[in-house]
Amino acid sequence: MDLKTGLNSPVIADHLPTLALPAAVMTFTTPTSFPSPGLCLNTTKKIPLPGKIEEVRAAGWLDLMKASSPTRKRQIKDVICDAQSDLDLQYCNWTVNYPSALISFEAISDLAGSKRLALFLDYDGTLSPIVDNPENALMSDEMRAAVRHAASLFPTAIISGRSRDKLNELYYAGSHGMDIMGPVRKTTDSNGVECIRSTDGKEVNLFQPASEFLPMITEVYEKLGESVKDIDGARMEDNKFCVSVHYRNVAEDDYKKVFHRVTAVLEGYPCLRLTHGRKVFEVRPVIDWNKGKAVEFLLESLGLSESEDVLPIYVGDDRTDEDAFKVLKASNRGFGILVSSIPKESDAFYSLRDPAEVMEFLRMLAAWKEQST
Ligand SMILES: O=P(O)(O)OC[C@H]1O[C@H](O[C@H]2O[C@H](CO)[C@@H](O)[C@H](O)[C@H]2O)[C@H](O)[C@@H](O)[C@@H]1O
């Protein structure tokens with residue numbers, strides 16, 4: 001997919017309640033085959049769950065899948081109005097804890113002061129609206145211009161679950177941060193970093209911490225594709241170091257089927273984990289690497305990880321972006337901005353409603369930078 005001019009479509013935000021699965025569910029067996037155990041998180045042996053807990057687990061996931069469906073709008077105009085006003089009230093109350101980055105822009109620019117901003121931008125749901133077909137999730141020309149303008153003023157990276165070759169912009173980390181094309185590192189620690197030339201001849205660094213998992217990812221992609229091919233609307237996506245199983249276009253009655261087919265295949269891959277995205281199952285290696293680690297890696301590559309006069313800002317909409325929000329929150333340096341049109345728990349500090357507001361925020365940042373220099 002080439003990210004060209006985009007299609008504007010309504011952003012359908014998904015509400016994903018947090019689901020605390022029993023600890024037993026989250027244990028994995030360190031495999032005897034495939035990558036060296038060192039690569040797979042040290043974990044205790046996976047124990048078969050008693051039937052009851054297995055049912056609870058399946059029901060929990062099913063609730064997650066249903067909760068991420070768009071609320072069914074009834075055809076009666078009044079109900080939509082009422083529902084809309086209730087949602088607005090809930091959203092308004094939520095922004096008390098997650099202030100709008102547009103309304104709070106003056107506070108943000110005061111915080112930024114003379115610091116050097118570093119921008120980290122998620123792609124789907126942040127720079128492009130959520131649409132039914134991933135192939136149609138494109139940045140609009142206006143958004144692309146806003147991103148490019150910001151990138152001319154601040155170090156800017158796109159960090160996405162998509163494979164890196166679908167993102168031909170700036171610095172970027174595809175596969176949920178596991179495939180990083182970043183600036184030539186200014187630090188000595190270069191283990192695992194390969195120096196290559198990018199398509200426009202620029203010398204860059206390539207860092208792929210999950211490269212040993214490629215054969216496993218390729219194999220599980222094939223198996224998952226085979227296992228869901230008879231489910232109408234189910235769609236696979238190969239994101240190089242991770243796999244997406246989309247169910248946005250699957251009938252809700254078939255959600256359970258998708259869930260059980262995916263989990264049945266993954267039973268044979270204890271070194272892979274399943275996370276829930278926006279009407280998508282994300283299958284990733286069980287390694288200690290995520291979007292938060294990618295942000296830390298890129299800051300270090302830019303020589304910005306030690307200095308106090310840097311303000312990293314991460315803008316994202318999905319659960320995998322929370323790893324980056326957590327890193328910035330824990331470092332007490334910089335902050336996350338959650339893109340959501342409905343209330344959600346998050347480790348972000350600010351909020352923006354949708355990609356249109358993200359674009360406005362980027363424009364405000366650029367204007368602020370240009371008038372303050
Ligand atoms: O980290 P991101 O850049 O947010 O990528 C996360 C996933 O985004 C895409 O799927 C989501 O967007 C699609 C297009 O709007 C939508 O159809 C789908 O339901 C969403 O889950 C992408 O296709 C995945 O590969 C990414 O992992």
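## Basis

This is a predicted model, in which local features need pLDDT of at least 70 and side-chain atom pairs count only at pLDDT 80 or more, while totals for chains, interfaces and linings use all residues. Numbering starts from 1 along each chain as its sequence is written, and side-chain values use heavy atoms, with hydrogens and water left out.

## Overall fold

The protein chain holds nine helices and 13 strands. These are DSSP runs, numbered from the N terminus: helices are H or I with at least four residues, strands are E with at least two. Of the 373 residues, 50% are buried. Buried means under 20% relative accessible area, exposed means over 50%, and partly exposed lies in between (1.4 Å probe, protein chains only).

Contacts are heavy atoms within 4.5 Å. Among contacts with a separation of 6 or more, 66% join residues 24 or more positions apart. The accessible surface of the chain is about 17,300 Å², and carbon and sulfur atoms hold 53% of it. Areas come from the Shrake-Rupley method with a 1.4 Å probe; for residues, only the protein chains shown count as cover.

## Two domains

Domain 1 spans 80-172 + 290-372, and domain 2 spans 213-285. The bounds come from an automatic or database domain assignment. The domain centres, taken over C-alpha atoms, are 27 Å apart.

At the interface, 18 residues of domain 1 are in contact with 13 residues of domain 2. The two domains bury about 1,200 Å² between them, with 45% of it on carbon and sulfur atoms. Buried area here is the accessible area (1.4 Å probe) that two parts lose on being put together, summed over both. Ile130, Asp132 and Pro134 supply 32% of the area that domain 1 buries against domain 2, more than any other three residues.

Two salt bridges cross between domain 1 and domain 2. A salt bridge is a side-chain nitrogen of Lys or Arg within 4 Å of a carboxyl oxygen of Asp or Glu. Arg278 pairs with Asp317 in a salt bridge, with the closest N and O atoms 2.4 Å apart.

## Glu237

Glu237 sits in strand E7 (residues 235-238). Its relative accessible area is 7%, so Glu237 is buried. The Glu237 side chain makes polar contacts with the side chains of Arg162 (3.5 Å) and His246 (2.7 Å).

## Other salt bridges

Side chains of opposite charge can pair when their charged atoms come close. The salt-bridge count is 14. Asp347 bridges to Lys326, with the closest N and O atoms 3.4 Å apart. That pair links distant parts of the chain, 21 residues apart: Asp347 is in the loop between strand E12 (335-339) and strand E13 (350-352), and Lys326 is in helix H8 (residues 322-330). Lys326 is partly exposed at 41% relative accessibility.

Asp254 and Lys257 form a salt bridge at 3.9 Å between the closest N and O atoms. Asp254 is partly exposed at 22%, as is Lys257 at 35%. Asp288 meets Lys293 in another salt bridge (3.4 Å, N to O). Lys293 is partly exposed at 25%. Asp122, Lys291 and Asp321 are linked in a network of salt bridges.

Notes
Polar contact = N/O pair within 3.5 Å; in protein donor to acceptor, adjacent residues only side chain to side chain.
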